[in-house]
Amino acid sequence: MQAGRSEFGTTRSESATATRADFTIEQNWDSYSESDHAIWRTLFHRQESALRGRACREFLDGLVGLGVAADGIPDFDRLNRILGAATGWRIVAVPGLVPDDIFFEHLANRRFPSTCFIRRPEQLDYLQEPDIFHDVFGHVPMLMNPVFADYMEAYGKGGLKALRLGSLHHLARLYWYTVEFGLIRTPQGLRIYGSGIVSSKGESIYALDSPRPNRIAFDLLRIMRTRYRIDDFQETYFVIDSFDQLFEATRPDFTPYYARMKDMQDIGPGEVLPEDIVLHRGR
Ligand code: HBI
Ligand code: FE
């Protein structure tokens with residue numbers, strides 16, 4: 001997706017802004033219409049109630065710290081002053097999905113590529129590509145957390161290396177099952193930190209409350225061997241005990257892991273293995 005499928009995204013990329021070599025563009029905050037802001041407000045209010053007692057503390061703290069609120073689509077310049085002071089991360093605007101090497105290069109330098117267009121009213125519940133609500137509401141609050149901020153930078157560096165080693169399909173699953181769809185175990189019960197969940201009303205409820213999906217304790221190699229679905233709610237979520245656990249587990253050089261996985265079979269999205277630690281639902 002280059003210019004964005006919404007009418008809005010198309011206009012923006014074609015008129016005001018050329019895409020630069022690193023795929024960044026200008027957000028052009030002034031050009032959002034009142035109906036764009038209204039979609040943000042609707043999504044925000046829905047998530048505010050869905051996430052109460054479901055999102056992890058780190059996410060909610062980040063949201064409050066950034067001042068991301070119901071009043072409308074946030075201005076990246078304003079968020080960047082706060083985010084930069086907190087963890088040295090910065091949001092850069094991009095027109096849509098960017099090539100893997102470009103994406104990782106940004107992350108490795110503590111820049112988070114965010115789309116700027118917002119979904120259309122008929123896409124409130126689902127859209128396949130990321131929009132500004134997913135990117136900013138879903139991802140940016142976690143970048144206010146120092147440990148998670150370091151994890152994301154390390155992931156970017158690991159991504160560049162995985163590309164060189166031809167193992168991106170394995171590493172991409174780690175991003176999917178942690179950054180996008182991760183759960184964390186807390187004394188109060190399971191909580192959500194994954195951006196793909198916190199930005200979706202249906203999946204916020206399903207991920208914690210439904211008896212259907214598997215909730216399996218974090219295991220790095222297990223995750224990297226597990227295929228995922230992009231067209232429906234997840235069949236399996238992986239649960240970390242802490243962000244320190246996540247950061248420490250992913251600190252080693254992955255080269256030997258990739259070598260080992262070359263001879264191992266993939267695991268299906270809904271499979272449960274005898275050695276899995278399956279966690280109970282409940283909050
Ligand atoms: N580009 N804008 C954007 N957002 C993403 O999440 C993204 C991307 N390009 C590539 C990519 N993700 C994937 O390769 C990673 O999730 C592994
Ligand atoms: Fe995402």
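A: A term to start: buried means under 20% relative accessible area, exposed over 50%, and partly exposed in between, with a 1.4 Å probe and protein chains only. By that scale Arg-41 is partly exposed, with a relative accessible area of 25%.

Q: What are the ground rules for the model and the numbering?
A: This is a predicted model, where local features need pLDDT of at least 70 and side-chain atom pairs count only at pLDDT 80 or more, while totals for chains, interfaces and linings use all residues. Residues are numbered from 1 along each chain as its sequence is written, chains are lettered from A and ligands numbered from 1 in the order in which they are written, and side-chain values use heavy atoms, with hydrogens and water left out.

Q: How many salt bridges does the structure hold?
A: There are 18. A salt bridge here is a side-chain nitrogen of Lys or Arg within 4 Å of a carboxyl oxygen of Asp or Glu.

Q: Which residue does Arg-41 pair with?
A: Glu-34. The closest N and O atoms of that salt bridge are 2.4 Å apart.

Q: What about Asp-241 and Arg-185, how far apart are N and O?
A: The distance is 2.9 Å, and the two side chains form a salt bridge. Asp-241 sits in the loop between β6 (236-240) and α12 (243-249) and Arg-185 in strand β3 (residues 183-186), so the pair ties together parts that are 56 residues apart in sequence. Helices (H or I, at least four residues) and strands (E, at least two) are DSSP runs, numbered from the N terminus.

Q: Is that pair buried or partly exposed?
A: Partly exposed. Asp-241 has 40% relative accessibility, and Arg-185 has 37%.

Q: And Arg-222, which residue is its salt-bridge partner?
A: Asp-276, with the closest N and O atoms 2.7 Å apart. This pair also links distant parts of the chain: Arg-222 is in helix α11 (residues 220-224) and Asp-276 in the segment after α13 (255-261), 54 residues apart. Arg-222 is buried at 4% relative accessible area. Asp-276 is buried too, at 13%.

Q: Which residues form a salt-bridge network?
A: Arg-110, Asp-150, Glu-153 and Lys-157 are joined into one network by salt bridges that share partners.

Q: What else lies in helix α8?
A: Tyr-177 is in α8. Tyr-177 is buried, at 1% relative accessible area. Tyr-177 and Phe-238 are 61 residues apart in sequence, with C-alpha atoms 6.3 Å apart. Leaving aside neighbours within four places in sequence, the contacts of Tyr-177 (heavy atoms within 4.5 Å) include Tyr-193, Arg-227 and Pro-269.

Q: Now Glu-203. Where is the nearest opposite charge?
A: Arg-229, 9.4 Å away. Glu-203 is buried yet has no salt bridge. For charges, Lys and Arg count as positive and Asp and Glu as negative; His and the chain ends are not counted. Glu-203 is in helix α10 (residues 201-209). Beyond four places in sequence, Glu-203 touches Phe-181, Ile-197, Phe-233, Gln-234 and Tyr-237.

Q: Last topic, backbone. What is the phi of Phe-23?
A: Positive, about 70°, although Phe-23 is not a glycine. Phe-23 is in the loop between α1 (7-14) and α2 (34-51), and is buried at 18%. Asn-28 lies in the loop between α1 and α2, with a positive phi of about 55°. Asn-28 is partly exposed, at 29% relative accessibility.
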